[in-house]
Each structure stands twice: as C-alpha cells, then as structure tokens.
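Dear colleague,

Please find the structure below. My notes on its fold, its nonpolar cores and its aromatic pairs follow.

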Amino acid sequence: MAFMRSHSNASSGMGVAPNIRETFVELQMKKAFRYVIFKIEEKQKQVVVEKTGATTESYDDFLASLPENDCRYALYDFDFVTGENVQKSKIFFIAWSPSTSRIRAKMLYSTSKDRIKHELDGFHYEIQATDPTEVDIEVLRERAH
C-alpha cells in the first residue's frame with residue numbers, strides 16, 4: 001500500500017518516495033548520473049530526489065550541491081584507476097549533517113537514514129560527514145582503494 005509506505009513521523013523517520021530506488025538503479029546500473037542528492041520533504045513526510053548530477057559533473061560540482069547549513073543524503077559514483085591500471089567504480093552513500101544545521105533536521109535525517117539505506121541496497125561505502133573535510137575527494141580515494 002503506497003499510503004503505508006510513505007506514512008511516518010519524526011520519531012520513526014520518514015517514508016521514501018517511490019522513485020528513489022529507480023533513481024539509484026539508474027546511477028548504479030545505467031551510469032545515468034554522477035551523483036544523486038536526496039532531501040526530506042517534511043510536508044510530504046518522505047525522502048525525495050532533490051537533484052541528479054550529470055556524468056560530466058565533477059566532485060566539486062557535487063560538493064557545491066550540498067547545502068552549507070542543512071542535512072542531505074547523497075550517492076556519489078566514484079570512478080578511479082587501480083594500481084593494476086584497471087578502471088573501477090564505487091558508489092558512496094553520504095549522510096551529510098553539517099554541525100551548523102538545525103537540531104530538528106539532524107534528528108529527522110538520523111532517524112530516517114536506515115529507511116533510505118534499505119532502498120539503496122547495493123552501495124559500497126558509507127560516509128557520515130559533519131563538515132567538508134570529511135567528504136574530501138581524498139577520503140573517497142582512500143576508502144575505494
């Protein structure tokens with residue numbers, strides 16, 4: 001039942017919009033996006049896709065899409081070359097919760113994280129970040145290798 005799926009409250013987290021899984025598959029399998037940013041729409045009581053980044057966008061473009069003073073979830077498809085000169089890709093789930101964001105936002109995103117992670121089954125690494133240094137490109141590079 002669609003109503004039950006997205007029905008929730010602040011203590012148990014938010015529901016997840018129906019297109020979340022589909023958007024993840026497009027990033028994971030079809031390589032349609034470099035990244036996806038998700039936000040909680042409190043009025044709708046669900047996590048929704050806020051933005052998708054084209055495959056031509058850079059990591060700096062991705063970082064610029066994360067709000068300075070508000071929480072978000074994100075997926076980033078990180079391409080790299082191994083020591084054996086093999087092209088690889090790893091998908092990172094990033095829980096962005098800057099220290100400057102509202103306490104209510106931090107609580108909502110914290111209580112909803114497991115629900116969205118369940119929908120995004122198949123990412124490789126998770127990063128919990130409270131400031132830009134925790135999502136530096138070098139952090140991804142170290143985790144991916």
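**Notes on the chain**

The secondary structure of the chain amounts to five helices and six strands; helices (H or I, at least four residues) and strands (E, at least two) are DSSP runs, numbered from the N terminus. Along the sequence the pattern reads α-β-α-β-β-α-β-β-α-β-α.

This is a predicted model: local features need pLDDT of at least 70, side-chain atom pairs count only at pLDDT 80 or more, and totals for chains, interfaces and linings use all residues. Residues are numbered from 1 along each chain as its sequence is written, and side-chain values use heavy atoms, with hydrogens and water left out.

**Overall dimensions**

The radius of gyration of the chain is 15 Å, which agrees with the value near 15 Å for a compact globule of 145 residues; the radius is taken over C-alpha atoms, and the globule rule is 2.2 Å times the number of residues to the power 0.38. The C-alpha trace spans about 50 × 35 × 20 Å along its principal axes. Of the 145 residues, 41% count as buried (under 20% relative accessible area; exposed is over 50%, partly exposed in between; 1.4 Å probe, protein chains only).

**Nonpolar cores**

A nonpolar core here is a set of buried Ala, Val, Leu, Ile, Met, Phe, Trp, Tyr and Cys residues joined through side-chain atoms within 4.5 Å. The largest has 24 residues, and Phe38 and Leu120 have the most contacts inside it (contact: heavy atoms within 4.5 Å). Two or more residues each come from helix H2 (19-28), strands E2 (35-41), E3 (46-53), E4 (72-81) and E5 (87-96), and helix H4 (103-119). H4 gives the largest share, four residues. Leaving out residues up to four places away in sequence, Phe38 touches residues including Ile20, Val47, Tyr73, Tyr109, Ile116 and Leu120. Another core, of 17 residues, lies apart from this one, and Ala74, Phe78, Ile94 and Ala144 are among its members.

**Aromatic pairs**

The structure holds 10 aromatic pairs. Rings of Phe, Tyr and Trp (its six-membered ring) pair if their centres lie within 6.5 Å; planes under 30 degrees apart count as stacked, over 60 as edge-to-face and the rest as tilted. Tyr59 and Tyr76 are edge-to-face because their planes stand at 85°, with the ring centres 4.8 Å apart. This pair links helix H3 (residues 59-65), which holds Tyr59, to strand E4, which holds Tyr76, 17 residues apart. Tyr59 is buried at 8% relative accessible area, and Tyr76 is buried at 5%. Tyr35, Tyr59, Phe62 and Tyr76 form one aromatic cluster. Phe78 and Phe80 form a stacked pair, 5.7 Å centre to centre with 20° between the planes, and both are buried.

Regards
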